[in-house]
Amino acid sequence: MGAKAALVLMAMLSLGLYTAREWDGTLGTSDERVIHLNFWNGFTGPDGRTMLEIIRQFNESHPGIEVTMQRMEWAIYYNKLMVAGIDDRAPEVFVIHASTLPRFARAGFIAGIDELFEGSPPRLPLDDFEAELMRQLRYDGQTIGVPMDIHPQGLYLNAALLREAGLVDTKGQARPPVTYDEFMAAVHAMHDDPDGDGRADQWGFSWSMWRHNFQSLMPQFGGRYFNDDGTSALDCPENVAALAFMVSLREGELLVPPPENNLGWVGFRQKKVAMVFDGVYMLGDLKRLEGLEYVAAPMPQIGPNPGTHGDAHVMCLQEDLDDDTRAAALEFMAFVSDHGLNWADAGQVPARRSARESEAFKSMQVQSAFAEQLPYVLFPPRSPAVFELQQQLDFAVEKALRGRATPEEALREARENFETFVRNAGLPMLADSEAPS
Amino acid sequence: MDWLRRVAPYLFITPYALAFTCFIILPFFVAFGLAFVKLELTSQQPAAFVGFDNFREALGDPYFRKSLWVTVYFVVLAVPTTVALAMALAVGMQAMTQRWARNTVRAMLFVPGMLNVAVAAILWQWFFNGEFGLFNHLLESLGLPRLPWISSRALAMPSIVFMTLWWTVGGSAILLLAGLQQIPGELWEAASLDGAGAWKRFTQISLPMVRPVLLFVLVINTIGAFQVFGQTYLMTRGGPELATRSVVQYIYETAFNNYRLGYGAAMSWLLFMLIAAFSLVQFFVLRKVDA
């Protein structure tokens, strides 16, 4: 190909790209405007397929609106969303975890959506949602998201191993432990280490996601992230007690796998671990497994109070939309909320009480067992520095479990490092004065 | 059409030059500017010029220092072993008299380098898996105890270096082989006739003659090692207990998880200066030896 031909090719390519950029996506003319909504989220697993089906139903039932979903891995997604948002290129609708909301709320591109919950009747009845969760979504005097679900941590059990150990109810069905004593008895009963070398052939229990495990135990011991005066409480005695319990299971009797080889969830899948704490969203993983007989239950009460850790997927709306697009986006968000039962099928606990009270939901064993914990879920703190806070907790729990610091030392270091971080970054510890303590 | 002939070369390089300017030159200077600014995307404060404050904070930041040590540890482990192994492989391939054998080995060495870091890291994550990984399975079948390859603080980084060797040594070996093949065969023949043994021929002929390529391989590997991120992030997320969190990962987390863009830019400039200093030292030392 000569230079002249190459030049002509480049010119044609440039023209083509320019034309494509200017094209508004329509073919021919039409009086009826189709509103396109971009919907971003991190539902890359089976939950993504469920969401695609909900979107298909929406697109079919709303001819004037077309929703396109883009999904990517959560960590990458949040980076892209933040950059797009501050550059006024955010999608019309996007999903954010309640724990991440404080960071994004401060970036200033999320719109208030109070009108969805106002009017008579309101498009979405506020009293159908958990009050504590809705409080998590209030920023600068307005609600900035529609919660899709609540995903608490809970207890997964291998039903066959429970039965083998005689942990059954009057009908002979596997009976999950409820109290501390029952939990410890179950851990012992299903622990099989014939030579006592600390490498059991079968573990009664294993830690899985260390930080989530710790965050689930925190409220049980009366723990918290912040004091009422807004100062950090990461090393409060109650949190120390929760971490000390985690450490204690590897002391003396070596009841959990060593931290160097701690693969709780993998062990559970392989039937080498009888019980494990994890999130309701792991159900999708279990559904793909064959031959594992599992049941779910609320977290056993290890400390003086019932409690667990939970988070929520929240649909948010971009600011600066024209009226038609905003109305279409709000309708889409409400539609997804109305289809909470479909969403539950993806391994989630729907945010709407009406969905949870349906017979269909009650027949979902894992989801409904996890849902029992909603009255006492401790949500992550409303801190714009939540990533650093979680990372400091990661370090502290890991250090304590590996025996490189006492629970007190590890959590004190976490608190000090977190305080240094917010001071250097110029961030407040908590999002605003509405923050729950 | 003389003008067309004159202009055509520039038009051909224009797309690359534009991309290079947009994605390398421009960010380079933007990052330089950001390094002197306090810009926290979630602080609700406008960007403010803070002079050298970000640099001062980095130098006093224990996490930055820790990640820097982790990175230097990786460089010290990975670069000499990669270059030494690559040289050994190149000499071995050079010694092969059958062309097909050399080409086969060369292709096999090159294949891992064609894999994306994500693919390579996930593959090796399974190899290293404590419970059901390939390596522990092999150890057990030999009657040896299992090893916590990437879950112990002591073993995690050497394990990642091992994976990096597998992944990158082929490219370096092929470059060095190309360098060795440029050496006139008469030199070795003459040395052999003069009674020089294999080691003497290697140290007195091969090594000096291949030094320019060796310098290139060394500098490229050093720069790459200082920027290690993919394999550590994907295989261990920087753990256990930050034992493998490289400085690039810390910069990434600072800038894109905590949204501290100014501080992240300052740390990236410190890393850039460190890499530049190491590269210059290597360049001058090897050039001096050459002279």
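This is a predicted model: local features need pLDDT of at least 70, side-chain atom pairs count only at pLDDT 80 or more; totals for chains, interfaces and linings use all residues.
Chain B is built from 13 helices and 2 strands, and its C-alpha trace extends over about 75 × 75 × 40 Å along the principal axes. Of the 291 residues in chain B, 43% are buried. When contacts in chain B between residues at least 6 apart in sequence are considered, 66% are found to join residues at least 24 apart.

For chain A, the domain assignment gives two domains, each made of two segments: domain 1 comprises 33–148 + 312–338, and domain 2 comprises 152–301 + 380–425. The C-alpha centres of domain 1 and domain 2 of chain A are 32 Å apart, and the contact between these domains takes 10 residues from domain 1 of chain A and 10 residues from domain 2 of chain A. Together, domain 1 and domain 2 of chain A bury about 770 Å² between them, with 58% of this area on carbon and sulfur atoms. Between these two domains of chain A, the count of salt bridges is 0, while that of residue pairs in polar contact, with both residues at pLDDT 80 or more, is 3. On the side of domain 1 of chain A that touches domain 2 of chain A, at least two residues each are supplied by helix 4 (101–107), helix 5 (131–136) and strand 4 (138–139) of chain A. Helix 4 of chain A gives the largest share of that side of domain 1, namely 3 residues.

The largest nonpolar core contains 89 residues, of which A:Phe39, A:Met51, A:Phe94 and A:Tyr156 touch the most other members. The element that gives the most to this core is helix 12 (residues 323–338) of chain A, which contributes 8 residues. Because domain 1 (33–148 + 312–338) and domain 2 (152–301 + 380–425) of chain A both give residues to this core, it lies between them. Apart from this core lies another, of 65 residues, which includes B:Ala58, B:Phe64, B:Ile150 and B:Trp269. When residues up to four places away in sequence are not counted, A:Phe39 touches A:Met51, A:Ile55, A:Val67, A:Thr68, A:Met69 and A:Gln70, among others. The residues touched by A:Phe39 also include A:Val93, A:Phe94 and A:Val95, as well as A:Met315 and A:Phe332.

The contact between the two chains takes 34 residues from chain B and 35 residues from chain A. The area buried between chain B and chain A amounts to about 3,200 Å², of which 53% is given by carbon and sulfur atoms. Within chain B, the residues that lose the most area to chain A are B:Thr42, B:Glu241 and B:Tyr259, which together account for 19% of what that side buries. Across the interface of chain B and chain A, 1 salt bridge is found; the side chains of B:Glu241 and A:Arg404 meet in a salt bridge, with an N to O distance of 2.8 Å. Polar contacts across the interface of chain B and chain A comprise 12 residue pairs, both residues being at pLDDT 80 or more. Helix 1 (2–34) and helix 12 (247–257) of chain B each supply at least two residues of the side of chain B that touches chain A.

Technical notes. Residues are numbered from 1 along each chain as its sequence is written. Chains are lettered from A and ligands numbered from 1 in the order in which they are written. Side-chain values use heavy atoms; hydrogens and water are left out. A nonpolar core is a set of buried Ala, Val, Leu, Ile, Met, Phe, Trp, Tyr and Cys residues joined through side-chain atoms within 4.5 Å. Buried means under 20% relative accessible area, exposed over 50%, partly exposed in between (1.4 Å probe, protein chains only). Helices (H or I, at least four residues) and strands (E, at least two) are DSSP runs, numbered from the N terminus. Domain bounds come from an automatic or database domain assignment. Contact means heavy atoms within 4.5 Å. Buried area is the accessible area (1.4 Å probe) that two parts lose on being put together, summed over both. A salt bridge is a side-chain nitrogen of Lys or Arg within 4 Å of a carboxyl oxygen of Asp or Glu. A polar contact is a pair of N or O atoms within 3.5 Å; within protein, one must be able to donate a hydrogen and the other to accept it, and residues adjacent in sequence count only if both atoms are side-chain atoms.
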